[in-house]
Amino acid sequence: MSLGAILDSSAYHLVKVNSGEEALRAVLREDFALILMDVQMPRMDGFETAALIKKRPKSKHNPDHLRDGQ
(Lines give C-alpha, C1' and ligand atoms only; values in the text may rest on other atoms or scores of the structure.)
Protein backbone atom coordinates (compact mmCIF):
# COMPACT_ATOMS: atom_id res chain seq x y z
CA MET A 1 0.00 0.00 0.00
CA SER A 2 2.89 2.36 0.75
CA LEU A 3 4.38 2.07 -2.73
CA GLY A 4 0.96 2.49 -4.28
CA ALA A 5 0.40 5.71 -2.35
CA ILE A 6 3.80 7.07 -3.39
CA LEU A 7 3.36 6.19 -7.06
CA ASP A 8 -0.31 7.17 -7.31
CA SER A 9 0.07 10.58 -8.91
CA SER A 10 -0.88 12.27 -12.14
CA ALA A 11 2.74 11.82 -13.32
CA TYR A 12 2.24 8.05 -13.66
CA HIS A 13 -0.36 5.69 -15.05
CA LEU A 14 -0.61 3.27 -12.14
CA VAL A 15 -2.30 -0.09 -12.68
CA LYS A 16 -3.14 -2.04 -9.51
CA VAL A 17 -4.10 -5.71 -9.57
CA ASN A 18 -4.83 -8.23 -6.83
CA SER A 19 -3.58 -11.49 -8.33
CA GLY A 20 -1.15 -13.00 -10.80
CA GLU A 21 -4.00 -13.69 -13.21
CA GLU A 22 -5.02 -10.02 -13.17
CA ALA A 23 -1.38 -9.03 -13.74
CA LEU A 24 -1.17 -11.28 -16.80
CA ARG A 25 -4.36 -9.79 -18.24
CA ALA A 26 -3.01 -6.27 -17.65
CA VAL A 27 0.25 -7.10 -19.46
CA LEU A 28 -1.76 -8.32 -22.44
CA ARG A 29 -3.72 -5.04 -22.57
CA GLU A 30 -0.90 -2.55 -21.98
CA ASP A 31 2.86 -2.04 -22.17
CA PHE A 32 4.66 -1.32 -18.90
CA ALA A 33 7.95 0.41 -18.18
CA LEU A 34 8.03 -0.99 -14.64
CA ILE A 35 6.29 -3.85 -12.88
CA LEU A 36 6.37 -4.07 -9.08
CA MET A 37 5.01 -7.30 -7.76
CA ASP A 38 4.49 -8.99 -4.41
CA VAL A 39 5.87 -12.52 -4.43
CA GLN A 40 3.08 -13.71 -2.09
CA MET A 41 -0.01 -13.24 -4.22
CA PRO A 42 -3.07 -15.49 -4.07
CA ARG A 43 -3.29 -18.55 -6.38
CA MET A 44 -0.22 -17.69 -8.51
CA ASP A 45 2.83 -16.28 -6.74
CA GLY A 46 4.95 -13.40 -8.04
CA PHE A 47 7.75 -15.67 -9.25
CA GLU A 48 5.38 -17.73 -11.40
CA THR A 49 3.66 -14.59 -12.68
CA ALA A 50 7.01 -12.96 -13.56
CA ALA A 51 8.13 -16.09 -15.41
CA LEU A 52 4.94 -16.08 -17.50
CA ILE A 53 5.32 -12.36 -18.25
CA LYS A 54 8.90 -12.97 -19.41
CA LYS A 55 7.71 -15.70 -21.83
CA ARG A 56 5.71 -13.14 -23.77
CA PRO A 57 7.93 -11.88 -26.63
CA LYS A 58 6.84 -8.27 -26.18
CA SER A 59 7.77 -8.18 -22.49
CA LYS A 60 10.70 -10.60 -22.34
CA HIS A 61 13.18 -7.71 -22.21
CA ASN A 62 11.67 -6.09 -19.12
CA PRO A 63 14.28 -6.01 -16.36
CA ASP A 64 14.16 -8.99 -14.04
CA HIS A 65 15.88 -8.49 -10.69
CA LEU A 66 14.31 -11.42 -8.82
CA ARG A 67 15.74 -14.58 -10.29
CA ASP A 68 16.07 -18.08 -8.95
CA GLY A 69 14.33 -17.22 -5.67
CA GLN A 70 16.77 -14.43 -4.75
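These are my notebook entries on a predicted model of one chain.

**Ground rules**

I number residues from 1 along each chain as its sequence is written, and side-chain values use heavy atoms, with hydrogens and water left out. Since this is a predicted model, local features need pLDDT of at least 70 and side-chain atom pairs count only at pLDDT 80 or more, while totals for chains, interfaces and linings use all residues.

**Entry 1: the whole chain**

I started with the secondary structure and found 3 helices and 0 strands. Here helices (H or I, at least four residues) and strands (E, at least two) are DSSP runs, numbered from the N terminus. Read from the N terminus on, the order is α-α-α.

Next I looked up burial. Buried means under 20% relative accessible area, exposed means over 50%, and partly exposed is in between (1.4 Å probe, protein chains only). The chain has 70 residues, and 20% of them count as buried.

I also noted the accessible surface, about 5600 Å², with 55% of it belonging to carbon and sulfur atoms. Those areas come from the Shrake-Rupley method with a 1.4 Å probe, and for residues only the protein chains shown count as cover.

Then came contacts, meaning heavy atoms within 4.5 Å. Among contacts between residues at least 6 apart in sequence, 32% join residues at least 24 apart.

**Entry 2: helix α2**

Which residues of α2 are buried? I found Gly 20, Ala 23, Ala 26 and Val 27. They lie on the same side of α2, because they cover an arc of only 115 degrees around the axis. The arc is that of the directions from the helix axis to the C-beta atoms. On the other side of α2, I found Leu 28 and Arg 29 exposed. I checked what covers the buried residues of α2, and α3 (46-55) is included.

**Entry 3: helix α3**

Now the view from α3. Its buried residues are Gly 46, Thr 49 and Ile 53. They are on the same side of α3, since their arc around the axis is only 65 degrees. These buried residues pack against α2.

Is Thr 49 buried or exposed? Thr 49 has a relative accessible area of 0%, so it is buried. Leaving aside neighbours within four places in sequence, Thr 49 is in contact with Gly 20, Ala 23, Leu 24, Met 37, Met 41 and Met 44.

Leu 52 is in helix α3 too, but it is partly exposed because its relative accessible area is 34%. With neighbours within four places left aside, Leu 52 is in contact with Leu 24 and Met 44. Leu 52 and Leu 24 are 28 residues apart along the chain, and I noted 7.8 Å between their C-alpha atoms.

Ala 50 is another residue of helix α3. At 23% relative accessibility, Ala 50 counts as partly exposed. From Ala 50 to Leu 24 it is 26 residues in sequence and 9.0 Å in space, C-alpha to C-alpha.

**Entry 4: the loop between α2 and α3**

I looked up two residues here. Arg 43 is in this loop and is exposed, because its relative accessible area is 67%. What does Arg 43 touch, not counting residues up to four places away in sequence? I found Ser 19 and Glu 21. Arg 43 and Gly 20 are 23 residues apart in sequence, yet 7.4 Å apart in space, C-alpha to C-alpha.

Asp 38 is in the loop between α2 and α3 as well. I put it down as partly exposed, since its relative accessibility is 46%.

**Entry 5: the largest pocket**

On a 1 Å grid over the protein atoms alone, a pocket is an open set of points where a 1.4 Å probe fits, with protein on both sides within 12 Å along at least five of seven lines; lining residues have an atom within 4 Å of a point.

How much space lies in the largest pocket? I noted about 960 Å³. That volume is the space filled by probe spheres set on the points, which are joined across faces, edges and corners.

The lining has 28 residues, and Leu 14, Val 15, Lys 16, Val 17 and Leu 36 lie nearest the centre. α1 (2-7) and α2 (20-29) each supply at least two lining residues. The largest share, 4 residues, comes from α1.
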